[in-house]
Amino acid sequence: MIESLVRCSAVRAMGLGVVTCAGLALFGGRAGLAAAGDAPACAACHGAAGAGGGAVPRLAGLPAGYIEAQLRAFKAGTRGDAAMATVAATLDDAAIVELAAAYAALPPPTARVDAGDAALIARGERLALRGDWGKGLPPCASCHGRRGLGVGAAFPPLAGQPAAYLAAAIAAWKSGARHDDPQGLMRSVASHMDEADADAAAAYYETLPPSLPKTGSGP
Amino acid sequence: MKRVLGLLLAVGVAPALAQDVGKPPRPFAPQPDGAIPDNAFGRMVRLGQAIFTDTKTHAGAFTGNQLACSNCHLDAGRLADTAPLAQAYVLYPAFRAKTGEVDTYEKRLQGCFRYSMNGREPPLGDKVLVALAAYSFFLAKGAPTGEVLPGRGYPKLPKPARAPDYARGAAVFAQKCALCHGADGAGQKGPDGIPVFPALWGPGSFNWGAGMGRIDNAAGFIKAAMPLGQGGSLSDADAWDVAAFVDGHERPQDPRFTGDLAETRKRFQDTPMSLYGTVVAGKLLGAP
């Protein structure tokens, strides 16, 4: 996985856009998805288990409806990302639905143990759970849940997503490169976040377990 | 580095101090969490904050729904125009028309549990009330008692030019509110079963005795704070309409219900701001 990621980054850095390796199975070798033929290999960047890493998000265990909406947004250009726009352009609606369902069915990776910068993470936790109302910033948790596990198809899980990916997403909403968020909610939120806020919140969410504790004692 | 910091401080702070001379004192601001002392009082304050933001977990014996105080009192009870705690704390004891008595702050908190939380009143002296009062007292440090401070309660919107309209409200709701609160108003939970978006009506919401069941309160809150992160974005008319829509749905019975709907309305809710006991969209609201 690391190797594929490295290769993927190298290709992106060279300005070639996207990894289109016919030799790589599209999605962990699944026959149905491999049948998409020349479609770029998701696994080349997102990893064989869909766990993501670096600036690449995890897909495993995300709600199917959310993944579908993202692929459509890449295709429509409302979520600006040159690499993913190229990928999404090769996918018809049936492939989008199939891919989304396949990734949604994958188990989320186990918790990332990331020591990280304790002060940064603590600041991120505060923003996540309490926000910074002095500048109009609501807590991330008020829409993404107390554990960052997301709600439905419109509010994706943040827990366990790579920090670099989350920080880049906030920057993209702020700049307007990404404007696929329902009711412009993330645009509003991001407009109240400076770079340090984004880095802190992203660092915090990266440390959270992306799935429910097995013996949870939720209310 | 130290020198640079010192220079910044000198440049940044000195003129501010000079400007403060002869000016009226700063407007009241609730205490930050960082000021909670590390002692027995501070622990009670922290418990109060925990109850306030995660009510069912920490005061579940007295709640009948899964709402949290902080659903309607934002920033853990600090945010102006969302009925902040400190600004309320300094106005008690007070005579209240709702009870016809002079109520202490703790008595007022009992009402929150009975109506907004659709639960039962913690007895006076119960740790839940002590903790919430301690938290409020802590937040209110430095606030003048008996003064109506800016940001208190929910803002009073100017009276609407036309009566708040259920059908128009339904359209606003579908466009601005349903994404989070659900088309059925029941709110939404995360995969861990913990509510993320509170229920606005139906069995999981506040009951007919709650302040938020009054259209004027709801309109003020909605205008100030909704959609979350986009407060102030709705027009006054939209806020009134969507408040009438939300408060025009069925919810748990008023615990003061006498057995007679018309009588209960007349005794406790005789105001055009309550739709309890009236027919809305073909339904008699509050009918047992």
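Asp254(B) is buried in the predicted model, with a relative accessible area of 1% (buried, under 20% relative accessible area; exposed, over 50%; partly exposed, in between; 1.4 Å probe, protein chains only). Its partner in a salt bridge is Arg256(B), with the closest N and O atoms 2.8 Å apart (salt bridge, a side-chain nitrogen of Lys or Arg within 4 Å of a carboxyl oxygen of Asp or Glu). Arg256(B) is also buried, at a relative accessible area of 11%. The model is predicted, so local features need pLDDT of at least 70 and side-chain atom pairs count only at pLDDT 80 or more, whereas totals for chains, interfaces and linings use all residues. Residues are numbered from 1 along each chain as its sequence is written, chains are lettered from A in the order in which they are written, and side-chain values use heavy atoms, with hydrogens and water left out.

Over all chains, 18 salt bridges are counted. One of the pairs is formed by Arg147(A) and Asp192(B), at 3.4 Å from N to O. This pair joins two chains, because Arg147(A) lies in the loop between helix 8 (141–144) and helix 9 (163–175) of chain A, and Asp192(B) in the loop between strand 3 (188–189) and strand 4 (195–197) of chain B (helices, H or I, at least four residues; strands, E, at least two; both DSSP runs numbered from the N terminus). Arg147(A) is partly exposed, at 29% relative accessibility, while Asp192(B) is buried at 15%.

In chain A, Asp180(A) and Arg178(A) form a salt bridge at 3.0 Å, N to O. Arg178(A) is buried, with a relative accessible area of 4%. A network of salt bridges links Arg123(A), Lys135(A), Asp194(A) and Asp197(A).
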